[in-house]
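Hi everyone, thanks for making the time. I'd like to walk you through one protein today, starting with the whole and then moving to some details. Let me put it on the screen.

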Amino acid sequence: MEGKMKKQNSWLSHENRWMETMYKRGNLKFGSSNWWVGNPNAVYEKTTRKKKNNSDKQPNRDVSGGWIENREIGGEEGFWIGLQKRRMQLHVSPSMRSITISSSNEFTTDLMKIKLAARHISSRTLFHTILILAFLLPFVFILTALVTLEGVNKCSSIDCLGRRLGPRFLSRVDDSERLARDFYNILNEVSTQEIPDGLKLPDSFNHLLSDMKNNHYDAKTFALILRAMMEKFERDIRESKFAELMNKHFAASSIPKGIHCLSLRLTDEYSSNAHARRQLPSPEFLPVLSDNAYHHYILATDNILAASVVVSSAVQSSSKPEKIVFHIITDKKTYAGMHSWFALNSVAPAIVEVKGVHQFDWLTRENVPVLEAVESHNGVRNYYHGNHVAGANLTETTPRRFASKLQSRSPKYISLLNHLRIYIPELFPNLDKVVFLDDDIVVQRDLAPLWDVDLGGKVNGAVETCRGDDEWVMSKRLRNYFNFSHPLIAKHLDPEECAWAYGMNVFDLQAWRKTDIRETYHSWLRENLKSNLTMWKLGTLPPALIAFKGHVHILDPSWHMLGLGYQKDTNIENVRKAAVIHYNGQSKPWLEIGFEHLRPFWTKYVNYSNDFINNCHILEGEIGSLERYMAEVKDHLEIKFRLNDGSDIGPKSFPDATTVAALKETVVSQWPKEKENGPKTVKDVRLISAGRILENNKTVGDCRSPVSNLSDAVTTMHVLIQPQVTDKEKKTKKKPKGDLKQNNCVCLCFGRRLE
């Protein structure tokens, strides 16, 4: 037996060496479907030998003597590899867990058996595994819950949970998160504590850092001081804001020194100058005042400068100024000055009538008892002229709400001039249709088409103020004007109803005279006085919103743009397009608190060359440097720019000190859009005057010629467009052959000096 075993071991070692040699030569291959031994080019077939078939079928052989078969032995199917001569067999179990090498001679013996893995898990191993998991799972659950409660991003996958929990197991937690969390906890704790009395606070953040370094503050002390500093700064800012609003309210309610000076000087001129007292209009034009073929405008104001801008802008914007008739109503103290201005500064061919309130026979105490009561009511006068801060709890209101309350307490709201618009049908009994204008508007477009608007039987043509791109201005509904907690207001009005605007209104006086608008207006004024002004606070518009209810025709919003007096973010492009712009609000353009970028739309209609305006230094510190300089300079030159197609830009008046570079900027900015090949920059423009090309540093005065002082003449400057050539174009441009002779020409320019 021992000899047989030695023999088998020698066979095994011999066969192993033989298999190794065959594998190295490439004759032993293992494929996915067949295993073979021998020549790889030979084809073998799989044969299956079942237990019930005991016949010894010889498998296919190749020239090298190897064979392969699949067979089932003892109920276990596997792969068997047989080797010629020695009949060595290699068996792989179906589960791939064990490999057996055996000999198939008369002594069937397993030479080698390799077990790859156990097929079953022992009960002991299972018990230990469960015990370990039972110990670890509670810690994993607690850690996961803590991570979730800390507000970290939610995880919906094991991968995400691993990315979050991994650094914690490896002790790689970001310290910044922990520091931020600790500091937040300290701030939260400090927010509920009282700040000690007498706590010395640094004046700035740098002082705070210096104190921390010197005094070695802990985190809690630092947080307490930081909170105290923030609260102090908030109080200071709030107080400054309310103080700013109060100062702005006083500035808006007062009369600027320059405008007061203008009124006094013109009043003095009325008494000393017969021409200032001449009849307005001239006797031959008196029938026009009641002629409905003309366009009648009504303006009620005591501001002479504002009235001059309204009239001048309307006349200059009109295509037919000879059809314009202005009816200006003012109070008794301003009448002389107002009359002097329009008597000395004609706006012909337009017609101007100036009348004082005292000159209307209809305006008696019997006809306007309510307005007399408004002006004499002590409560009303204290409300509009009293201390606006006394009794007000500024800690419970916002700056915006406080500003709205201040605006509603302007003294102009109890002025008779502000209420006169409700009596227009009685004051002008012969007129059928008028346009009423406020004194803080500017007309930028011809308003003649308004007389062709069909009001559809309504009385008042106005723009709505609840719809528009500017939410700050165009968001006014009745809830913004009335106190809907009052039972009468809640009963008769809808808080969501859209409001409309005063400032530019078309009134059909024929339709108005058929209504009871004036009586309704008076009755609601009485009710508001009885309720101690608790129904509304803001002037003349709220009672008008009630009185004209059902009598308003909505105009296109392009006719009237509002908000230039309290909205600094107004769209400039929309301002240019509007027919009438309205500086409603506190920041009037004639005040120093007016918005700088919106004031030029108003100041361009102010005649700064007028001696009265110059002597009173009106807006002296607010006018732009160029505009103020042009007002003081006496010598101007009227210039028009002749383009190459024969059309002109201008004429326009320029001071002698204007540089040629500034003239070129005018050409670039006013170049007609429909013309092609226009200049892109000043460098593309050449100006030719009197046969010479003007240099940029020269002034208009330097360019004067002897013939430019002729009367009724305009200086013509020829414009030559010469685009700049780039370096690339210079290289590619061919040099012309020969020298071209220079063509010299002389241009005679006729102009006149404006004194």
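Let's begin with the surface. The accessible surface of this protein comes to about 44200 Å², and carbon and sulfur atoms account for 53% of that. Please keep in mind as we go that this is a predicted model.

Now the overall build. The protein has 24 helices and 23 strands. Of its 755 residues, 40% are buried. If we take contacts between residues at least 6 apart in sequence, 65% of them join residues at least 24 apart.

On to the cysteines, which I know some of you will want to hear about. How many disulfides does the model have? The count comes to two.

One of them joins Cys261 to Cys616, with an S to S distance of 2.2 Å. As for cover, Cys616 has a relative accessibility of 7%. Buried means under 20% here, so Cys616 counts as buried.

The other disulfide is formed by Cys466 and Cys498, whose sulfur atoms are 1.8 Å apart. These two also lie in distant parts of the chain, 32 residues apart: Cys466 is in the loop between β14 (460-462) and α15 (487-492), and Cys498 is in the loop between α15 and β15 (504-508). The link of Cys466 and Cys498 is left-handed, with -110 degrees about the S-S bond. Both Cys466 and Cys498 are buried.

Last stop: helix α17, residues 517-530. Helix α17 has 14 residues and reaches 20 Å from its first C-alpha to its last, close to the 20 Å expected at 1.5 Å a residue. Which residues of α17 are buried? They are Ile517, Thr520, Tyr521, His522, Trp524, Leu525, Asn528 and Leu529. After α17 comes Asn532, which has a positive phi, near 60 degrees.

Notes:
Residues numbered from 1 in each chain as written. Predicted model: local features only at pLDDT ≥ 70, side-chain atom pairs only at ≥ 80, totals over all residues. Heavy atoms only, no water. Helix = DSSP H or I, 4+ residues; strand = E, 2+ residues; numbered from the N terminus. Expected span 1.5 Å × (residues − 1). Buried < 20%, exposed > 50% of the residue type's maximum accessible area, 1.4 Å probe, protein only. Disulfide = S-S within 2.5 Å. Contact = heavy atoms within 4.5 Å. Areas by Shrake-Rupley, 256 points an atom, 1.4 Å probe, with all protein chains shown as cover.
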